[in-house]
Amino acid sequence: MPEENKEKLHIRLHVYDTDMTVNIPREDEELYRSAAKLISETINRYASYYDGRKSEKEILYMALIDIALQLVREQKNNDVEPFVDILGKLTSEIENTLKD
């Protein structure tokens, strides 16, 4: 277990209006910092638009939905299952044609 901790990096992230410390894999530091920046920017955008009209909790949830929607869209765009099916069918057709 001590070896596992050597691979971890202890960093401080500023997320919106909160500073937090996290232990992360050393190789993921840039990703964590980018994620914190994305969260902060998204919340700030909603906070400035809905200032005084929505509660802080609603603004946080709106930002969360916005980021989650980006993730879901990206996952949908990266879905390779339809291509795998088509390639499987094409491979079968090619193999059958070559047998004849």
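The legends below describe close-up views of a predicted model.

Local features are given where pLDDT is at least 70, side-chain atom pairs count only at pLDDT 80 or more, and totals for chains, interfaces and linings use all residues. Residues are numbered from 1 along each chain as its sequence is written, and side-chain values use heavy atoms, with hydrogens and water left out.

**View 1**
Strand β1 covers residues 8-15, and strand β2 covers residues 18-25. Helices (H or I, at least four residues) and strands (E, at least two) are DSSP runs, numbered from the N terminus. The two strands pair in the antiparallel sense over eight bridges; two strands count as paired if DSSP finds at least two bridges between them. Within this pairing, leucine 9 is opposite isoleucine 24 of β2. In a regular strand the side chains alternate between the two faces of the sheet. In β1, Leu9, Ile11, Leu13 and Val15 make up the covered face, while Lys8, His10, Arg12 and His14 make up the uncovered one.

**View 1. Tyrosine 16 in the turn.**
Two residues lie between β1 and β2 in the hairpin. Tyrosine 16 belongs to this loop. Its phi is near 55°, a positive value in a residue other than glycine. With a relative accessible area of 24%, tyrosine 16 is partly exposed; buried means under 20% relative accessible area, exposed over 50%, and partly exposed in between (1.4 Å probe, protein chains only).

Helix α2 runs over residues 29-49. The expected span of a helix is 1.5 Å times one less than its number of residues. Ala36, Ser40, Thr42, Ile43, Tyr46 and Ala47 are the buried residues of α2. They cover an arc of only 165° around the axis, so they are on the same side of α2; the arc is that of the directions from the helix axis to the C-beta atoms. On the other side of α2, the residues Glu30, Leu31, Lys37, Ser48 and Tyr49 are exposed. The cover over the buried residues of α2 includes β1 and α3.

Serine 40 is a residue of α2 and is buried, with a relative accessible area of 10%. Contact means heavy atoms within 4.5 Å. Not counting residues up to four places away in sequence, serine 40 touches His14, Val15 and Tyr16.

Helix α3 covers residues 56-77. Its 22 residues reach 32 Å from the first C-alpha to the last, close to the 32 Å expected at 1.5 Å a residue. Ile59, Ala63 and Asp66 are buried in α3. Seen down the axis of α3, the buried residues fall within an arc of 55°, so they line one face of the helix. Lys57, Leu64, Ile65, Gln75 and Lys76 are exposed on the face turned away from the buried side. The cover over the buried residues of α3 includes α2.

**View 2. Glutamate 56.**
Glutamate 56 lies in α3 and counts as partly exposed at 44% relative accessibility. Leaving aside neighbours within four places in sequence, glutamate 56 is in contact with Tyr16 and Asp17. Isoleucine 43 is 13 residues from glutamate 56 along the chain, and their C-alpha atoms are separated by 9.4 Å.

Tyr46, Tyr49 and Tyr50 form one aromatic cluster. Rings of Phe, Tyr and Trp (its six-membered ring) pair if their centres lie within 6.5 Å; planes under 30 degrees apart count as stacked, over 60 as edge-to-face and the rest as tilted. By this rule there are two aromatic pairs. The rings of tyrosine 46 and tyrosine 50 are stacked, because their centres are 6.3 Å apart and their planes are at 5°. The rings of tyrosine 49 and tyrosine 50 have centres 4.7 Å apart and planes at 85°, so this pair is edge-to-face. Tyrosine 49 is exposed, with a relative accessible area of 54%. A charge sits over a ring if NZ of Lys or CZ of Arg is within 6 Å of the ring centre and within 35 degrees of the ring normal. Arginine 53 lies over the face of tyrosine 49, 5.2 Å from the ring centre. The charged end of lysine 54 is over the ring of tyrosine 50, at 5.7 Å from its centre.
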